[in-house]
Amino acid sequence: CNQFQRLHLLTAQSFCVSMHESLDNSFIMSSRSPPPIDFQIAEMEGVSSEAVLTVNEVAPFSIVHASQGWLDTFRFSKEEIMGRNLRVINGPSTDMSLLHNIIQATPEEKHKTAAITLYSSSGHGQVMVVKTFKQFGLCTLTMISSDAISSQQVTTHVDKARIVVTSEPYYVQQVSREFSRMFGLSEQEIVGRTIRMLDGPHTDILAFQQLLTKTKTGFAQRGTMVAFTKDCVELVCDVELVPVVGHGGVISHLQIDFTSQGTNVVPNFQPHFEEWQNEEPTSSSHRASAAPQWQPPSQADPSVAFALPP
């Protein structure tokens with residue numbers, strides 16, 4: 001967020017200074033009159049280290065400017081992209097309809113954000129968090145590398161208490177053996193249910209929901225939560241959440257690791273597991289089949305070949 005705020009603050013300040021110094025009074029009085037496109041493009045040079053692409057706000061979204069940071073990130077020259085449209089960064093896993101939609105849905109002088117897989121000139125795919133901003137008939141797309149990992153990088157064969165859940169409504173799809181040991185829940189008991197099974201009287205549900213929501217924007221999150229085991233034991237856990245990109249090039253799952261700081265037995269507390277057993281008499285296999293299924297591909301997809309930054 002600080003990068004986005006700094007970018008738009010610098011742009012706004014530059015516009016104000018330049019308009020007062022170089023434009024005549026009649027133009028200044030007409031606040032609804034946009035400055036020339038060349039003038040707007042020149043203003044962007046002051047933040048060239050950011051990966052910023054400027055396009056026309058209407059389809060086919062022709063490119064009118066690219067910052068040096070954007071050219072370096074996507075390995076294009078200005079000559080290669082000027083006059084072309086957003087299809088220049090399109091690839092097998094790019095959800096172009098999502099990219100077009102956030103541009104079209106961005107109100108004047110407002111922002112929209114989405115995580116999308118985009119491609120460099122060499123065909124290398126990477127998940128980028130794209131934030132749009134509209135002004136004077138143009139739309140700037142600020143792009144920052146996401147912390148997301150590809151579905152091929154997800155594994156529960158680790159010595160960590162790890163689960164993989166869908167991005168909404170957080171159905172559990174995979175669990176590690178360490179998770180089952182820590183919480184006393186077998187794979188059959190939890191797969192197909194939501195992570196609300198871990199809630200208890202001291203769980204800050206709102207705070208954990210905020211971590212989940214922020215992770216879906218494309219950035220890994222860390223925090224602390226109070227979770228509950230099947231045997232009513234309260235666990236204070238450090239949690240680390242990482243977004244996972246599926247076949248559509250967008251975030252489809254979240255990987256969550258739990259590290260216990262300590263335990264405390266909570267008397268007279270009935271965990272969600274028991275409550276939901278009474279409400280859902282169906283078998284665990286039926287519950288799992290009813291939820292969206294995790295289906296990691298059998299072969300690595302070279303279009304999303306990148307690792308989680310340290």
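Two residues are in contact when heavy atoms of theirs lie within 4.5 Å. Keep that in mind as we walk through this structure, which is a predicted model.

Let's start with Leu141, whose place is in strand E5. Leaving aside residues up to four places away in sequence, Leu141 touches Ala51, Val52, Leu53, Val55, Leu99, Ile103, Val130, Lys131 and Thr132. Is Leu141 buried or exposed? Its relative accessibility is 0%, so Leu141 counts as buried. One of the residues it touches is Ile103. Ile103 and Leu141 are 38 residues apart along the chain, yet their C-alpha atoms are separated by 8.6 Å.

Now look at the sheet around this residue. Strands of a sheet pair through backbone hydrogen bonds, and they can do so in a parallel or an antiparallel way. Here, five strands form an open sheet with antiparallel pairing, and the order is E2-E1-E5-E4-E3. At the edges you will find strand E2 (63-66) and strand E3 (111-119), each of which pairs on one side only. If you ignore direction, neighbouring strands of this sheet are turned by 25 degrees against each other on average.

Follow strand E3 to its partner, strand E4 (residues 125-135): the two run antiparallel and are joined by nine bridges.

Pro60 is joined to Ala59 by a cis peptide bond, with omega about 10 degrees. In the loop between E4 and E5 you will find Phe136. Phe136 is not a glycine, but it has a positive phi of about 55 degrees. With a relative accessible area of 25%, Phe136 is partly exposed.

Next, move along to strand E7 (residues 161-166). How many of its six residues are buried? The number is six, so E7 is mostly covered. Ala161, Ile163 and Val165 point one way from the strand, while Arg162, Val164 and Thr166 point the other way, and all of them are buried. E7 pairs with strand E8 (residues 172-175) in the antiparallel sense over three bridges. Within this pairing, Val164 has Gln174 in E8 as its bridge partner.

The hairpin of E7 and E8 has five residues between the strands, and in it Tyr170 takes a positive phi near 70 degrees. Pro169 is also found in the loop between E7 and E8. A cis peptide bond joins Pro169 to Glu168, with omega about 5 degrees.

In one of them, the rings of Phe179 and Phe183 have centres 4.6 Å apart and planes at 35 degrees, so the pair is tilted. Both residues lie in helix H7 (residues 177-183), four residues apart, about one turn of the helix. Phe179 and Phe183 are both buried.

Phe179 also pairs with Phe258: the ring centres are 5.8 Å apart and the planes at 55 degrees, so this pair is tilted. The pair links distant parts of the chain, since Phe179 is in helix H7 and Phe258 is in strand E11 (residues 251-265), 79 residues apart. Phe179 has a relative accessible area of 0%, and Phe258 counts as buried at 3% relative accessibility. Elsewhere, ring pairs link Trp70, Phe74 and Phe76 into a cluster.

Helix H7 also holds Ser180. Ser180 has a relative accessible area of 18%, so it is buried. Not counting residues up to four places away in sequence, Ser180 touches Val175, Leu185, Ser186 and Glu187.

Terms used
Residues numbered from 1 in each chain as written. Predicted model: local features only at pLDDT ≥ 70, side-chain atom pairs only at ≥ 80, totals over all residues. Heavy atoms only, no water. Phe/Tyr/Trp six-rings, centres within 6.5 Å; stacked < 30°, edge-to-face > 60°. Buried < 20%, exposed > 50% of the residue type's maximum accessible area, 1.4 Å probe, protein only. Pairing = 2+ DSSP bridges. Axes fitted to C-alpha atoms, helices over the stretch in contact; angles between N-to-C directions.
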